[in-house]
Amino acid sequence: ELRTPLTIIKGNLDNIDKGFAGEVQPQQKDILGDVFRVINRLSRLINDLLDLSKIESGKMELNKESLDIVTLAGETVKTFETLAGSKKIGLIKEFPNKRVTVNADKDKLTQVFINLMGNAIKFTDKGNVVVRIIDLQKEAQVEIQDTGPGIPLDQVDKIFDKFVRVVAEKKEGTGLGLPIAKDIIVLHKGRIRVESESGKGSRFIFVIPK
Ligand code: ADP
């Protein structure tokens, strides 16, 4: 009920934008561009809300399989290379030379990497983002560390709550990325936390059982 009307609105706007309903003047194109941006934002918000309500109502099921978290992390890093490059931010992999196999849902775990790496790159304006994997005995530990603004000490405990956004930040977002990441990790019987201080960058750390 939320996604379908949006898809229809987008499709119809797209048809207008492509000129199927008559020639589009430059000023009209500008307005359409603004509308597209707002609709895309709304669509991200709706997708995040639906994901979260699915998890919280206990309806999200994990399709667990045995997978190499090093390969999975490497694939996600690759998808962020262009974005990091355009911001002139280094994207550094610190991975073990061997496979680290965990029992996890590939799509959901990918979502966690996307949310954490997306934030790290979004909030960092210079320096680098390190993605580190540590092979612990019974768990795999993942760290995503950045040289961004960090999170004020009094906000650190709240950062995984819904809709919490550090007010000083004007970057686009829904405030739902971290709660979703946390729920997914907890569903996997893992743990997630952040080490951060204002001005010193952030390090998000999660562990997931093998
Ligand atoms: P969003 O990124 O959509 O705002 P999140 O739930 O992913 O929502 O993050 C919540 C808030 O936590 C962000 O708005 C930002 O203030 C803070 N935050 C998350 N990741 C970082 C980071 N790597 N560096 C600094 N602040 C961060």
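This is a predicted model: local features need pLDDT of at least 70, side-chain atom pairs count only at pLDDT 80 or more; totals for chains, interfaces and linings use all residues.
Entry 1: For Asn119, I noted a polar side-chain atom 2.8 Å from a ligand oxygen. For Leu178, the backbone supplies the polar atom, which lies 2.9 Å from an oxygen atom of the ligand. I also computed the cover: of the 530 Å² of accessible area that the ligand has on its own, the protein covers 98%.

**Entry 2: the shell.** I listed 20 residues around the ligand, with Asn119, Asp146, Arg165, Thr174 and Leu178 coming nearest. By class, I recorded 10 nonpolar, seven polar and three charged residues in this shell. I next asked which elements supply at least two shell residues each, and found helix H4 (106-123), helix H5 (177-187) and strand S7 (202-209). Helix H4 gives the largest share, four residues.

**Entry 3: the pocket.** I checked where the ligand sits and found it in the largest pocket. I noted a volume of about 860 Å³ for this pocket. Its lining comprises 37 residues, and Asn119, Lys122, Phe123, Glu172 and Gly173 lie nearest the centre. I traced the lining to its elements: helix H2 (26-56), H4, H5 and S7 each give two or more residues. Here too I found H4 with the largest share, nine residues of the lining.

Technical notes. Residues are numbered from 1 along each chain as its sequence is written. Side-chain values use heavy atoms; hydrogens and water are left out. A residue is near a molecule or strand if one of its heavy atoms lies within 4 Å of it. A polar contact is a pair of N or O atoms within 3.5 Å; within protein, one must be able to donate a hydrogen and the other to accept it, and residues adjacent in sequence count only if both atoms are side-chain atoms. Accessible areas come from the Shrake-Rupley method with a 1.4 Å probe; for residues, only the protein chains shown count as cover. On a 1 Å grid over the protein atoms alone, a cavity is a set of points where a 1.4 Å probe fits but cannot get out, and a pocket is an open set with protein on both sides within 12 Å along at least five of seven lines; lining residues have an atom within 4 Å of a point. A molecule sits in a cavity or pocket if more than half of its atoms lie within 2 Å of its grid points. Ala, Val, Leu, Ile, Met, Phe, Trp, Tyr, Cys and Pro count as nonpolar, Asp, Glu, Lys and Arg as charged, and the others, Gly among them, as polar. Grid points are joined across faces, edges and corners, and a volume is the space filled by probe spheres set on the points.
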